[in-house]
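Welcome! Here is a friendly first tour, to be read with the sequence and the 3D view side by side.

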Amino acid sequence: MRKNIQKGITKTALFLLGAAFCIPVLFLLSGSVMSRYELTESLMPLMADREELIRWDFIPMYPTFEHYIRVLFQTPQFFVVFWNSVKIVICILAGQLLIAVPAAWAFAVYPFRFRKILFTLYIVLMLMPFQVTMLSNYLVLDGLGLMDTHGAVILPAVFSTYPVFLIYRGFCGLPKGLIEAARIDGAGEWTIFRHLGLPLASGGILSAVVLGFLEYWSLIEQPLAFLKDQTLWPLSLYLPEISIEQAGYSFVASIITLIPAVFVFLSGREYLEQGIIASAMKE
Amino acid sequence: MQKTRRQKQSKRHPSIWQNKFRESRYAWAGFLLPSFLGVCIFVLVPFLDVVRRSFLTAVTEEWSGVRNYQTVFSNQAFILAVKNTVRFTAVCLPLLIGIGLFLAVQLSRLKKMQMIKSMFLFPMAMPAATVVLIWKMFFARQGFLNGGLLAAGLLPEGSFFDFMGTKAAFWVLVFSYLWKNLGYTIVLWLAGIFSVSADLTEAAKVDGASERQCFWRVIFPNLKGSLYTITVLSFLNSFKVFREAYLVAGSYPHESMYLLQHLFNNWFVNLELDKMAAAAVCVGAVLFAAILVLQKLWDQDGQSQE
Amino acid sequence: MTGNKKRIGALLLALTVLAAGCGGQGKQDGEDPAAGSTAAGMGRYMESVFELPEDMNRNGGLNWLSDGDLTAISFGEGLYRSEDEGRTWKKEETDWFPLLQNVYCLAAVMGPDETVAASCSGGMSQAVRDIIKEPVEEDWEGNYCVFGMPDGEIKVVDFGFSQEDGSCIQSFVFKEDGRLFAGDMQGKIYEVDIEKESLKELFEAEQTAGYVGFSGEILMATGADRLYLYDLEQEVLLSQDQTVDGFISQMLPDGTVSYTGGGFPLAVTGSEEEGVIYIACKAGMYRHVLGGSTMEQVIDGGLSAFGDAYSSIYHVKTLPGQEFMVEFGPSTGLMRYTFDETVASMPDKEIRIYSLEENAAARQAVTAYKREHTDIYVRYEVGLEHDSGMTKEDALKRLNTQVLAGEGPDVLILDGLPMDTYKEKGMLKDIAPLLKGLGGEDELFSNVVEGCTDEGGAVYAMPMCVKVPLLAGSQDVISGMDDLEQIADTVERLREEQPSGGILGIYDAETMLRLFGMVSAPAWTDGSGQMDVRAVETFFTLVDRIYRAELAGAVPAQQERLAKEAEEMEEYGTDPVARRMEACNNVLYIPQKYARIACGYADGIQLCLDTVTSAVNEDETLDYRIFNGQKKNLFLPSSLVGISAGSPRTEDAENFVRTMFGADVQSRVYDGYPVNKAAYQAHFDAMEENGENGSMILTMDDGTEKEFTLYWPDAAQRQKFTAYVEALKEPALTDEYLCGLVYEAGVKVLEDGVSAEDAAAETVKKASLYLAE
């Protein structure tokens, strides 16, 4: 009985905490249906730097879909920009899977000579902030003729060492004995990789995909630096700094940016768990 | 005794053993090569260029030896930025990992936790510009936090705090970081917790262990791997907090919020490429050493687990 | 449970995609206009300019008569005729024009048989009433149309558009075969039967239609995001052409189809080929086959007058042999486009101009340079993309990357860029020899050039125009205000003499700090870029004294009124603080008795200097002088120009800079006073001395209203002002960030009573991080 009450309290507390985490989304939702007048009223103290506090009505007095209509139907660029984001992210994720998964396998399973140092190098490279390598990246991409194409954003990201690290952990959990046994049974390296490694590390791979999606969906610095042509810009660049005239537009654009990301992690999470539980079961 | 056994084995199956050795020797190269090539071109080469620039002057590219390093080490801004970044990391990482673990454990004891988990993950999906506006709405002078404090009577009438303009800015940043990253931290911890086979915990419970003992003695030791992953990821994400901080507080925020990335950003805008390159190389070297040490620690434990 | 979630999630995503897809419908087929071009390699349309007489500036559009003559009806002057295809024009007297004079004309066109159709709005003059058959009330106001028949008969018809719903005939268009069509404000398109004086509605567009053209028997009307195609034979609206619609949506992003000042951003016309139409817009001239899926660019806007920022299209016509005649307004002229196969289709030389934000002076220079050098492609890039996720630092980073990678611009407008850094790092070229070489008509104010020269004799940045800080007030008062300290002394003295009433009329701390900071900021940093704590402290102390003196006798009613004014400005999107930096705005407070002194910068003559001189003239006791703060004789440079050191196209870049400082471009600069002497004088010549230049109603302190007339400065005033301009010595170049810190701390001194010493120390401390980097 006590345990149940305790559990109940814990659950409620966690639920409230989670809800608190989601408050900004509520702001977005309510803001996106607010008419321009109400938005101005609410946000004016902040924008004009006055001395009063701002207000916010979660349920607007005169809800309107004008901002949605404006963004979805009257801004042809939005369509282009949205699909640019989709294209970039899908290409990056696909490329990463092709490149990073085998690399992680190599690091996890084969004790070759420079493994530690190389892996550490990979991690350090992953941690370098973009400003530092921006110019050098630019020169390399320019030299390869990729400037002002989507390739300039996609290719460096495909070879990012971040997924290698994530998936490496996934592969680490594999029992060595299994691999040896398979070898002795005469399986080739590739077969081992495909039939043994991949399924068991699917959890790691999926977490890399989900985290990767979330990161590349809101990528700002690289497209800004390498894409001059505005028709190539992804959605993340299109969100202007929110000012009064643009407030409604920005809110709606934010929501539309949010939806695919939410969708991905919602569906990805289930697979994630299934994968993890499956690998646990196998033990 | 063992030597003999091994020798006997190799004598018994020489061909198979040699075959396997040959295959696996080159196999890793096949798996690694595409990644390695790509990393070289797109990641390593630019970094080497940065290393090169650390020995040259910014625009005219004349040789200046170690002068850039000397300048950087005595540069006030650099020292401040390093201090702040270290402080930020030292505060954030344990907080995130600890709170994440705590919440994950609580969640692991519940049955239907899907929805709550999703709610925690929401912040990760929010774009930077939106987050910035929300923070402004909360933490500016005219923001909700002030309003709340006023209503709760904690703030004297008429005085508004601009949180971003005082030392509190540091904690706003920490809060922002925690808010964004708790979600996946919890997910990863949960994954780790659940990967511990249920049999073990059942057995422990049968033996009379309490929940707490169950956790610390049975589950926790198995979480080292997750801990390693989460630490590195959290460290990486502590760098990502820059864009939001920059959008909220500009290029020159309050002193306590001034991180390495602010410095790099400003140096680049002002064409101080030489200093930036030298600083980056230093930071890179330190990170390299730190990660090597971490790896040693983990691998020691990690090996014993596997 | 999870399956449902997935389904919901998938549904959401699908909805989003669909919704976004609907929005992009038009874009699907339309090609990126920059992609199309003429045949590879050779051949380009060359532009020949036919200047139109100035009196023809505002006209109703070109009319092509059946006898080969061209006419145009100027709203101010009457009918002009050209018998040689537009090269020369003669004014003609007509019977019908007197009816259109002194009336607001919305449209005035002539048909192939010389029938005239005009639409006017307002009251009816006596001449009009004499013609109209029915009696009309005395104060009738509305929309009526005047028709001049080829046989001399003049008709006036009121089609019944009422004033209340704002509708009226907004445009008339004649078809080649003489049929007349009209469009009203609400988007309806009619065919007009002049004989029967009736309108027949053909169709209704969503809003007021823009340019109307014809392709065979199809009438084409431009909408904000589509082209209306009406078949005159079948009398039915044809289905939309997706490609054209998408193209138009892209070219008219803000939905404006016509300009209130005349002209259109986009025009459409047919050609001798059936089903082939041409669309003229900012990006150039495009060819399209109705029903097809491509827009082919035949004339590149970047290489012709189409791309000029300030021109709009008045009329487009295709001539036999695939030539074009385009009328640009309001003063650009007539352009004839002929295809020349011997010229390369894209100029092989290119020159790049860069500015962080849109700069009008640079645009003028680009237009002028393009005209003179048709073999060079001029690419003008604006760095900061508003309405996007880009911040100023992002734009700067991108610029730096490009420059360091060797792909940077050749000529830079340095406003907003870290000029000091560029100078330090050797990124700018020394343009002193270039500037010294400008003589004769291109001569610049030597004191400005001197002011921009550094110790080594080099000039790295030269402003295209300057703003002049002025101080106005009663003569005996301002003569003793030679620097900031004297200003503080005088203000305190004035306060003693007059315990109540506004002195400067400024009650906002930030405004006051910025005003005096305008002419004091250069004193806050010493030669090496470090901050001078003493100077900052002095600034705070002095401005504090002024502020205190001002507040000591402030009249609450005045304060309130000013505060309300500021609030209203904010709601309309104007920055009230910025407005109070202008001398012309502030000087009006003196006759209104809100202030006794006024200071600020002057950036022109029209509505600027004339305000100051008019105020001074009206009141004998008033005078003006140069405004000095902690520094004296400063000028505020604007649109600073520099040449990139790494640019390989030195000669072209230098030529471009010469164009920028040439009399022609400089006379079109309105962001300050041109540094080119001839252009500067030309600005004064724009109007006759003492000419009346409008008037405004001033609300006095006690609520009464007074009319204030603006007069153009006369010779004496011109001389006096010019003497001031020539006495200016130093440019007020300031670091925006440091100034911001000073103002922030200053507000605390003025409002919160923080001591000047502490505030200065705090400022320097905050700045230390910035300077330490």
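pLDDT is the predictor's confidence in each residue, from 0 to 100. This is a predicted model, in which local features need pLDDT of at least 70, side-chain atom pairs count only at pLDDT 80 or more, and totals for chains, interfaces and linings use all residues. Residues are numbered from 1 along each chain as its sequence is written, while chains are lettered from A and ligands numbered from 1 in the order in which they are written.

**Confidence in chain A**
- Chain A has an average pLDDT of 79, and 87% of its residues score at least 70.
- Over residues 279–283 of chain A, pLDDT stays under 50, and the model has nine contacts beyond four places in sequence for them; two residues are in contact if their C-beta atoms, placed from the backbone, lie within 7 Å.
- Where pLDDT is low, the predicted coordinates should not be read in detail.

**Where chain B meets its neighbours**
- Chain B puts 76 residues in contact with 81 residues of chain A.
- Helix 2 (residues 14–53) of chain B gives the largest share of the side that touches chain A, 20 residues.
- That side of chain B has 50 nonpolar, 18 polar and eight charged residues; here Ala, Val, Leu, Ile, Met, Phe, Trp, Tyr, Cys and Pro count as nonpolar, Asp, Glu, Lys and Arg as charged, and the others, Gly among them, as polar.

**A helix with a buried face**
- In helix 2 (residues 23–32) of chain A, the buried residues include A:Pro24, A:Val25, A:Phe27, A:Leu28, A:Gly31 and A:Ser32 (buried means that 20 or more other C-beta atoms, placed from the backbone, lie within 10 Å of the residue's own).
- Seen down the axis of helix 2 of chain A, its buried residues fall within an arc of 155°, so they line one face of the helix; the arc is that of the directions from the helix axis to the C-beta atoms.

**The sheet in chain C**
- Four strands of chain C form an open sheet in the order 2-3-4-5, with antiparallel pairing; two strands pair if DSSP finds at least two bridges between them.
- Its edge strands, each pairing on one side only, are strand 2 (59–64) and strand 5 (90–92) of chain C.
- Strand 3 (residues 70–74) and strand 4 (residues 78–82) of chain C run antiparallel and are joined by five bridges.
- C:Ser74 stands opposite C:Gly78 in strand 4 of chain C.

How values were computed: Helix = DSSP H or I, 4+ residues; strand = E, 2+ residues; numbered from the N terminus. Buried ≥ 20, exposed ≤ 12 C-beta atoms within 10 Å, placed from the backbone.
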